[in-house]
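User: I am new to protein models and would like to learn how to read one feature at a time. Could you give me the general idea first and then the case in hand?

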Amino acid sequence: MQFELVSPFKTSPGQEEAINKLLENYQKKEKQTLLGITGSGKTFVMANVISRLQKPTLIIAHNKILAAQLYAELKEFFPNNRVEYFISFYDYYQPESYLPAQDMYIEKDSTVNDQIEKMRMHAVSSLVSRNDTIIVASISCIYSLGNPEDFKSLAVDLQIGKELSRQELLNSLVDMQYERDDTFLEAGRFRVRGDVVDIVPAYEKDITRIEFENNKIKKIKEVNTLTGDIKVSIDRVTIYPARQYVVPQEKHERALTQIRQELQERLQTLPPLEAQRLKQRVNYDIEMINELGFCNGIENYSRHFDGRKKDEPPFTLMDYFPKDYLLIIDESHQTIPQAHAMYNGDYSRKKNLVDFGFRLPSALDNRPLKFEEFEQKMKRTLFVSATPAEYELQKSGPPVELITRPTGLLDPEIEIQPIQNQMQHLMQEAKKTITQGNRVLITTLTKRMAEDLADYLVKEGFKVRYMHSEIDSLDRIELVRQLRIGDYDILVGINLLREGLDIPEVATIFILDADKEGFLRDERSLIQTIGRAARNQNGKVILYADNLTKSIKRATEITAYRRKFQQRYNQTHNITPQTITKKITEKESTIKGSKHLTKTDIQRQIIELDAKMREAAQKLDFEKAIELRDTINTLTKDLTEKQRQEK
């Protein structure tokens, strides 16, 4: 399969120049940097580079919202190819840890998002089966994953006429961690009815039905899981493992022998209490692996199952790619520091577990890549950023610049206002923007400020939501979608609003405490935030500050320079600036909970739902009334918790 770029757009002169430079440099330089301003069409440039190079591609983004946005855009550009999404599948994750000072052991606790887990499995299966694969991932992709050779070797290739008994297929499915359930089928399970085996691959929705006759495969069909209707008959299919971490049976005994040996060596170095603790845990895990093929926390023994030596880097998603692949690191000024930090945080937590007898020393090798290991795996790399850091420029040399927009949109006008009476000024300007049919973003320095400001604005009659790190990644996407369609007009946040959000409807951005020099108000952060308003022809950014810091001066100078450059470009090419028209995706999920709502909004919802509950009860629709009552109870608890946190 070849990458086939499908788009109604043609590359602009500025984009074509950048693409040609990147392709020319590809043969000469292992590392390159694309300095692309907001709205310049960086994603379209990336898509064109992928299409012309015809290389499997890994794109790493620094947060889940940006990754989701890139994933959606690239799926539209490559509808006939595989575009996949690979982020952490935990909605909630409390890692296993031990706090020596309090003598407190905290067991691992997590909630896995089944939809994201399925998408991860689909990504891996696409990668090992097709070359025309693009994977958009968060930085979690540099964390330990199973051996790619084991994943490939355990896959079962099925085709009509192949000599294979039903029992051989069942044994293979069990080895791949599929579970038998003859009553209820879902992803990662199979059922058996006579000579028919129904499988729902861990990465698919529909059933793959295999029909046998005389120890041969007679038919292969795809069946709708809900209706049972046959969708299509096929000649061949490959079933990949149900889990990302799978180990062939022949490796089990060798690994268990090594685990027992490591245990004996470690017990001799530990005090009696820690030794007894470790012995009990490891022996239990060994017994579970013997009986079931896996245990909770089996990844802590990954070094032995993978056959790796001590301190040898783990396998990651990058190892599933062929040698000749393209790596794109988006918003590299943010993503590279994340990659730097991952290993140290993981090591410090696990060292306590090892020192106090909760884990074997080999657990330290179930880890993210060290940064130098990540660098070794980079190969052909394209850094993409509106504000590249020193690291990228040092590795790649002068960047390829893309500071014009196909739409002719200019960098927004910047206005600096005093902090005194800022709320009155903000509300006045926000009303003007909303009256014009546009939306507003407001950035604050803290979560508490965001919540308090949102609550204040709701009481003043505005439709407001706020967004912060406690809101699930898929819910954040829905929150942005609701802003775009006009369910509300103002979104308040902290650094989550700084980069990657593509919201053409936003015309005005307010930056509070702009003169508080620091991480959220340095030159790079201000430029990125200002860029959010460059999707709208009425784009304007208002900074509230009493002092002109170096960062404010530098950010306004760079924006003014780019604005003049863009005006000259528009005159040369006879371009009239136009607000970007971008399709709004259909609703895919409902936001759970009320973390994005202000106290006033929650109180209002409780009153409205109470009225609906009483109405449903009068109509004898008791099921509806009970459902509303439960929702009211949940909202009441959330409101109480918000009020408690403020005290």
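This is a predicted model: local features need pLDDT of at least 70, side-chain atom pairs count only at pLDDT 80 or more; totals for chains, interfaces and linings use all residues.

User: How many helices and strands does the protein chain have, and what does its radius of gyration say about it?

Analyst: The protein chain holds 19 helices and 25 strands. The radius of gyration is taken over C-alpha atoms, and the globule rule to set beside it is 2.2 Å times the number of residues to the power 0.38. Here the radius is 27 Å, close to the 26 Å that the rule gives for 647 residues, so the chain is as compact as a globular protein of that length. Along its principal axes, the C-alpha trace spans about 75 × 70 × 60 Å.

User: Is Ser 362 buried or exposed, and which residues is it in contact with, leaving aside its neighbours within four places in sequence?

Analyst: A residue is called buried under 20% relative accessible area, exposed over 50%, and partly exposed in between (1.4 Å probe, protein chains only). Ser 362 counts as buried because its relative accessibility is 1%. Contact means heavy atoms within 4.5 Å, and, apart from neighbours within four places in sequence, Ser 362 is in contact with Glu 262, Asn 300, Arg 303 and His 304. A polar contact is a pair of N or O atoms within 3.5 Å; within protein, one must be able to donate a hydrogen and the other to accept it, and residues adjacent in sequence count only if both atoms are side-chain atoms. Such a contact joins the side chain of Ser 362 to the side chain of Glu 262, at 2.8 Å.

User: Where is Met 176 found, and what is its relative accessibility?

Analyst: Met 176 is found in the loop between helix 6 (166-175) and strand 10 (179-180), and at 0% relative accessibility this residue counts as buried. Leaving aside neighbours within four places in sequence, its contacts include Leu 154, Ile 239, Tyr 240 and Val 246. Met 176 and Leu 154 are 22 residues apart in sequence, while their C-alpha atoms are 6.5 Å apart in space.

User: How many aromatic pairs does a search of the whole structure find, and why is the pair of Tyr 98 and Phe 358 given the name it has?

Analyst: Rings of Phe, Tyr and Trp (its six-membered ring) pair if their centres lie within 6.5 Å, and planes under 30 degrees apart count as stacked, over 60 as edge-to-face and the rest as tilted. The search finds 17 aromatic pairs. In the pair of Tyr 98 and Phe 358, the ring centres are 4.9 Å apart and the planes stand at 35°, so the pair is tilted. This pair links distant parts of the chain, 260 residues apart, with Tyr 98 in strand 5 (residues 97-99) and Phe 358 in the loop between helix 10 (332-355) and helix 11 (371-378). Tyr 98 is buried at 6% relative accessible area, and Phe 358 is buried at 8%. Ring pairs link Tyr 98, Tyr 105, Phe 356 and Phe 358 into a cluster.

User: Over the face of which ring does Arg 120 lie, and where is Arg 120 itself?

Analyst: A charge sits over a ring if NZ of Lys or CZ of Arg is within 6 Å of the ring centre and within 35 degrees of the ring normal. Arg 120 lies over the face of Phe 86, at 4.1 Å from the ring centre, and Arg 380 lies over the face of Tyr 26, at 5.1 Å. Arg 120 belongs to helix 4 (residues 114-129) and is buried, with a relative accessible area of 8%. Its side chain also reaches the backbone oxygen of Ile 87 at 2.9 Å.

User: What is the phi of Asn 574, and is this residue buried or exposed?

Analyst: Asn 574 has a positive phi of about 50° although it is not a glycine. Asn 574 lies in the loop between helix 17 (550-573) and helix 18 (599-618), and at 69% relative accessibility it counts as exposed. Asp 311 also has a positive phi, of about 70°, without being a glycine, but Asp 311 is partly exposed, with a relative accessible area of 47%.

Key: Residues are numbered from 1 along each chain as its sequence is written. Side-chain values use heavy atoms; hydrogens and water are left out. Helices (H or I, at least four residues) and strands (E, at least two) are DSSP runs, numbered from the N terminus.
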